[in-house]
Amino acid sequence: MTTATIPAAEQELSGALRERGLRVTPQRLFIYRALLRLDRHVSAEEVLAAVGESLPNVSLPTVYATLELFEEMGLVRRLGVTQGAVLYDPRPDQHDHRVCDRCGAIEDFEADLDLAAALRRAGRGGFHAGRAEVVVHGLCPRCAALAA
Ligand SMILES: [Zn+2]
Ligand SMILES: [Zn+2]
């Protein structure tokens, strides 16, 4: 996301918070802004480091709670755990991921597959399938070069 769209995104956040009867706090705005600025898959620790200068009193549990709230609101997605840290994705829309098994880097890509059949099959036996994404494991170019 470019910095030009950040004010618009913040207005959207403010509106979505008010709709739920939640307060628009500087913490929530700063954390959201940090997510948009970083514009990649980040851990709560990275978000904390990014907002630490503007919000010296913010704690890691607060960042986690805020990211969980954003997830409930559909603003971020929680990715699986890589290298011990839960990562948050600033892109809530449908997309796929490729994961480097050596350095843990996660990149977006579009697999361009119809996952409806996967969701139907996952729904067998009473499982309530929500969403599906493709995760491709391998080596990023840097790690592949080191391994060669
Ligand atoms: Zn790598
Ligand atoms: Zn992503």
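The legends below describe close-up views of a predicted model of one protein chain.

View 1. Taken along the principal axes, the box filled by the C-alpha atoms of the protein chain is roughly 45 × 45 × 30 Å.

**View 2. Helix α1 and the residue G21 that comes just after it.** Helix α1 is built from 14 residues, residues 6–19, and spans 20 Å between its first C-alpha and its last, which is close to the 20 Å expected at 1.5 Å a residue. Just after α1, the backbone at G21 adopts a positive phi of about 75°.

**View 3. The crossing of helices α1 and α2.** Helix α2 comprises residues 26–38, and its axis comes within 10 Å of the axis of α1, with the two crossing at roughly 140°. Angles over 145 degrees would count as roughly antiparallel, and α1 and α2 are therefore classed as oblique to each other. On the α1 side the contact is made by I6, A9, E10, L13 and L17, while α2 contributes R28, L29, Y32, R33 and L36. The crossing of these two helices, α1 and α2, is right-handed.

**View 4. Helix α4 against helix α2.** The axes of α2 and α4 come within 10 Å of each other and cross at roughly 75°, an angle that falls in the range of 65 to 115 degrees, so that α2 and α4 are roughly perpendicular to each other. The contact is made by Q27, R28, I31 and Y32 of α2 together with T62, V63, T66 and F70 of α4. Among the α2 residues named here, R28 and Y32 also take part in the contact with α1.

**View 5. Helix α4 against helix α3.** Helix α3 (residues 44–51) and helix α4 (residues 60–72) have axes that come within 9 Å and cross at roughly 110°, and α3 and α4 are therefore also described as roughly perpendicular to each other. The residues A44, E45, V47 and L48 in α3 meet L60, V63, Y64 and L67 in α4, and of these V63 also belongs to the contact between α4 and α2. As α3 passes α4, the crossing is right-handed.

**View 6. The open sheet formed by β5, β4 and β6.** This sheet has 3 strands, arranged in the order β5-β4-β6, and its pairing is mixed. Strands β5 (106–109) and β6 (135–138) stand at the edges, and because each has a single partner strand, one side of each is left without a neighbour in the sheet. From one strand to the next, the twist averages 25°. Strand β4, residues 96–100, runs parallel to β6 and is joined to it by 4 bridges; within this part of the sheet, C100 has G138 in β6 as its bridge partner.

Technical notes:
Residues numbered from 1 in each chain as written. Chains lettered and ligands numbered in written order. Predicted model: local features only at pLDDT ≥ 70, side-chain atom pairs only at ≥ 80, totals over all residues. Expected span 1.5 Å × (residues − 1). Pairing = 2+ DSSP bridges. Axes fitted to C-alpha atoms, helices over the stretch in contact; angles between N-to-C directions. Parallel < 35°, antiparallel > 145°, perpendicular 65-115°, else oblique. Left-handed = near helix turned anticlockwise from the far one by under 90°. Contact = placed C-beta atoms within 7 Å.
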